[in-house]
Amino acid sequence: MSAETADLTKVDSAISGLSSSPPEEKKGHRRASSSAAGVYNINDLEKEGKELQIAKETQKLNWKLNTSPATLDDKEALKKFLTTPPVKKIDLHFPLGLEVTARNLKGVTIKDALDAIHKQFKKKADDELELPVLAGFEWDKEESWTRLIVHQKKEGAPSSGGGKKKDKKKETYDE
């Protein structure tokens, strides 16, 4: 009988031990699922020597840095990856020294890059910006593998429509 009670106490201690064990069982790296397959870390690409290609659509957008990317007509271009192969994050470097980072664990899209830029410029008036229109991005692996250089221009192409007319009116009043 004393052997049975000894067994019972062992069972009791096992049961009490179970209550503390579930919190110890961690499911490992939980965030891994949020990054999509085929999306790279830019630093890994640099180690492997894989070259980046930038989406050509960025040059045709004629997007003003202080307007929301949602106002662009070409909604399909916004969904495309900014680079091939897609990366989780990339730094966007402006010639005057400003640097913004575009991030997306499923791959940085053109919209992600424009959103990051817009966040910096949304409070600026048109006349505060010397070069208010995005001309495109450049990747110079000699300078920095992990960032793109942002190119800007004075004004968009004449095909931009209604927004252009307002600018012309402002110019005539200023003279």
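Predicted model: local features only at pLDDT ≥ 70, side-chain atom pairs only at ≥ 80, totals over all residues.
Residues are numbered from 1 along each chain as its sequence is written, and side-chain values use heavy atoms, with hydrogens and water left out.

Let's start with strand 6 (residues 147-153), which pairs with strand 3 (residues 89-93) in the parallel sense over three bridges. Strands here are DSSP runs of E with at least two residues, helices are runs of H or I with at least four, and both are numbered from the N terminus; two strands pair if DSSP finds at least two bridges between them. Strand 6 also pairs with strand 5 (residues 133-139), this time in the antiparallel sense over six bridges. There, glycine 136 has histidine 151 of strand 6 as its bridge partner.

Back in strand 3 sits histidine 93, opposite isoleucine 149 of strand 6. Histidine 93 counts as buried because its relative accessibility is 15% (buried is under 20% relative accessible area, exposed over 50%, partly exposed in between, with a 1.4 Å probe and protein chains only). Its side chain makes a 3.0 Å polar contact with that of glutamate 99 (N or O atoms within 3.5 Å, one able to donate a hydrogen and the other to accept it within protein; residues adjacent in sequence count only if both atoms are side-chain atoms).

Leaving out residues up to four places away in sequence, aspartate 112 touches Ala102, Arg103, Asn104 and Gly107, where contact means heavy atoms within 4.5 Å.
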